[in-house]
Amino acid sequence: MTRWLVTGAAGQLGTHLARQLPPSDVVALSRDELDITSPRAVTEAVRAARPDVVVNAAAYTAVDAAEADEDRAYAVNATGPRLLAAAVAEHGGRLIHVSTDYVFDGTADRPYEPGDPTGPRTAYGRTKLAGEHAVRAALPDCCVVRSAWIYGGPGANFVDTMLGLEQRRETVDVVADQTGSPTWVADLAGALIGLGLSSLTGRVLHYANAGTASWFELAQEVFRAVGADPDRVRPVTSAGFARPAPRPAWSVLSTAEWAACGLGDPRDWRSALREYLSGKT
Ligand SMILES: NC(=O)c1ccc[n+]([C@@H]2O[C@H](COP(=O)([O-])OP(=O)(O)OC[C@H]3O[C@@H](n4cnc5c(N)ncnc54)[C@H](OP(=O)(O)O)[C@@H]3O)[C@@H](O)[C@H]2O)c1
């Protein structure tokens, strides 16, 4: 039996991790139950759960809000992970820390490899990169897994937003000049569980569903999957959607190293999207 501790358990990833792990093997704590920025709470949670594997799914993920709130984002995305890593180092066990494509500058023209130079352009990205550095310094054996374009809920996410707009609007304008790999959170959760059950340590890896899409193409695929006319989605440029935090033009993460580690090949994003949407009807 592997004992798991999941932080941020009410978020998208935390919920799906808790759902997929055997209930008797997991302690899944929401922010209300464990604030990872509290040193004492973190130490006590790790001591009480005695986990073999901790998955840190807690994060400050409000990308725009972080621009005006970087200290708070840093506390959750860097200080909290450092506390978790230190507690795991003290009590034993392994840590999987989840990170993001936002650690890159988003200007590449090929999928980012884990070892590519980072260069965050947002407060969110800077704090997540600081979190990566913090956990690796405190616990060199930990694994950092970057993902991107996660959907599946609970809570707001792009795919559910498109489903809602399909019901309410005749046409929807969606940016076509940002490219990524849409990733169903259930697939990510399963992949992280596989990593936790493996003997791999001390890695920075990428996991995302395979293939690439623009937000426009993803929205069209959502419409198509629910039997709506994809031409109701209209391509626009990011210039019309000014936001506090600039969005990366290129968020595609290479999973070659993930597969080379024997962790399997992620499936295509369209297949994952179809399965997600079929479960909603
Ligand atoms: N969503 C994406 O597209 C995406 C893309 C790439 C990488 N990621 C990364 O993937 C991971 C999971 O993301 P997600 O989509 O599941 O995010 P999410 O749905 O926003 O979940 C994050 C959870 O962390 C909780 N949290 C915030 N501050 C906390 C604290 N101090 N202590 C404990 N919990 C706290 C949040 O609670 P509240 O809601 O109450 O604040 C929320 O339940 C994160 O590391 C994120 O950076 C996400």
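**Close-up views of a predicted model**

**View 1. Glu 132, a buried residue of the predicted model.** Glu 132 has a relative accessible area of 2% and is therefore classed as buried, the limit for that class being under 20%. The model shown here and in the following views is predicted. Glu 132 belongs to helix α4. Apart from residues up to four places away in sequence, the contacts of Glu 132 are His 97, Ser 99, Val 103, Val 144 and Arg 146.

View 2. Helix α2 spans residues 39–49, and its residues Val 42, Ala 45, Val 46 and Ala 49 are buried. These buried residues line one face of α2, because they fall within an arc of 95 degrees when seen down the helix axis. In an α-helix, residues three or four places apart point the same way, because there are 3.6 residues a turn. On the face turned away from the buried side of α2 are the exposed residues Arg 40 and Ala 48.

View 3. Arg 50, which comes just after α2, adopts a positive phi of about 45 degrees.

**View 4. Residues around the ligand.** Around the ligand there are 25 residues, of which Leu 13, Arg 31, Thr 61, Tyr 124 and Lys 128 come nearest. By residue class, the shell around the ligand comprises 13 nonpolar, eight polar and four charged residues.

View 5. Tyr 124 places a polar side-chain atom 2.7 Å from an oxygen atom of the ligand. In the side chain of Asp 35, an N or O atom is 2.9 Å from a nitrogen atom of the ligand. Ile 150 contributes through its backbone, with an N or O atom 3.0 Å from an oxygen atom of the ligand. On its own the ligand has 890 Å² of accessible area, and the protein covers 81% of this.

**View 6. Secondary-structure elements in the ligand shell.** Two or more residues of the shell around the ligand come from each of α1 (12–20), α3, β4 (94–100) and α4 (123–138). Strand β4 supplies three residues, the largest share of this shell. Helix α4, one of the elements listed here, also holds Glu 132 of View 1.

Key
Residues numbered from 1 in each chain as written. Predicted model: local features only at pLDDT ≥ 70, side-chain atom pairs only at ≥ 80, totals over all residues. Heavy atoms only, no water. Buried < 20%, exposed > 50% of the residue type's maximum accessible area, 1.4 Å probe, protein only. Helix = DSSP H or I, 4+ residues; strand = E, 2+ residues; numbered from the N terminus. Arc of directions from axis to C-beta. Near = heavy atom within 4 Å. Polar contact = N/O pair within 3.5 Å; in protein donor to acceptor, adjacent residues only side chain to side chain. Areas by Shrake-Rupley, 256 points an atom, 1.4 Å probe, with all protein chains shown as cover. Nonpolar A, V, L, I, M, F, W, Y, C, P; charged D, E, K, R; others polar. Contact = heavy atoms within 4.5 Å.
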